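Open your viewer and bring up the model. We will take it stop by stop, with something to select at each one.

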Amino acid sequence: MKPDPLTALVEISNATVWRGDTCALRDLSLTVGAPENLAILGPNGAGKTTLLRLLTRDLYPVRKAGSSVTLLGRETWNIWDLRRHLGIVSHDLQMDYAPGACGRDVALSGFTSSIGLNGVRYRFSATEHDRTDAVLRQLGIADLATKRYSQMSTGEQRRFLLARALVAEPQTLVLDEPLAGLDLQAAFDFLRLMRELIATGVSIVLVTHHVNEIPPEIERIVLLDRGRIVADGAKREVLTDRLLSALYGTPVRVRETNGYFVALPG
Ligand SMILES: Nc1ncnc2c1ncn2[C@@H]1O[C@H](COP(=O)(O)OP(=O)(O)O)[C@@H](O)[C@H]1O
Ligand SMILES: [Mg+2]
């Protein structure tokens, strides 16, 4: 069932987005409810990251009549208000993050929406420090709080970026390929964290190109192909042999085990 636009977290209408010479999204419309868990699936280059960056307002669509991106019914936001609604963990952020920051500063920087705390003059309140400690404990990284970002493993960096996204207690977490580059243990740990967060009432908008990275709790799937939505609906109706074979341009067989879906060569 499609969410009611009046209660939507995000409503994108007829958005066309160019990245250089590439039309990354073509007249795309998508409504995400609040709360709602959603996975956006598509091959490399499909436009998934571009779509997330519309949500987070790092990118804007071409201006034309009938085209808009609204968040909780509003078109304009400042990052201070936005961070309570959307927490973001992305590959870009992981690559760009300040290498010298210690783990705790990475988490604290979620309050200031900054990359590291160098030059940040904000005085964190006792409540903000307490909240940060609680999140680090929740994610099992409190003992890494003094470790430098540049000396962390990919999995540790990703957990601290998740902590950064969580300190402001956002209603929705936006995760761009959160399991990319993680070994099985780190990937399964991160999946478990996603499931725990959903259980505590956080909504997740997950972007991935692997069906097996979708936690069972996410029931709505959007398929993105060359900048267009080609399917949007319930998991069992969307993650089918036919639709995934067409999406990836290769024969795919889908199997379901304990709420997880796996894609096999057809
Ligand atoms: N900064 C950029 N400059 C030019 N083209 C870009 C840029 N970023 C992305 N693109 C192009 O836009 C399309 C969509 O990219 P992206 O949203 O990153 O896809 P995905 O995340 O699904 O892999 C791709 O064809 C990609 O090559
Ligand atoms: Mg991407």
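Start by selecting S153: is S153 buried, exposed or partly exposed? S153 is partly exposed, because 14 other C-beta atoms lie within 10 Å (buried means 20 or more other C-beta atoms within 10 Å of the residue's own, exposed 12 or fewer, partly exposed in between, with C-beta atoms placed from the backbone). S153 sits in the loop between helix 5 (126-138) and helix 6 (154-166); helices (H or I, at least four residues) and strands (E, at least two) are DSSP runs, numbered from the N terminus.

A note before moving on: this is a predicted model, where local features need pLDDT of at least 70 and side-chain atom pairs count only at pLDDT 80 or more, while totals for chains, interfaces and linings use all residues. Residues are numbered from 1 along each chain as its sequence is written, and chains are lettered from A and ligands numbered from 1 in the order in which they are written.

Next, colour by domain, with bounds from an automatic or database assignment: domain 1 is 1-79 + 200-266 and domain 2 is 86-169. Their C-alpha centres lie 27 Å apart.

Now show ligand 1. Around ligand 1 are residues including R19, T22, N44, K48 and T49 (C-beta atom, placed from the backbone, within 6 Å). Helix 1 (48-55) and strand 2 (22-33) each give two or more residues to this shell, and helix 1 has the largest share, three residues.

Finally, select L223. Its contacts (C-beta atoms within 7 Å, placed from the backbone) include L41, G42, I229 and L247, not counting residues up to four places away in sequence.

Notes. Contact = placed C-beta atoms within 7 Å.
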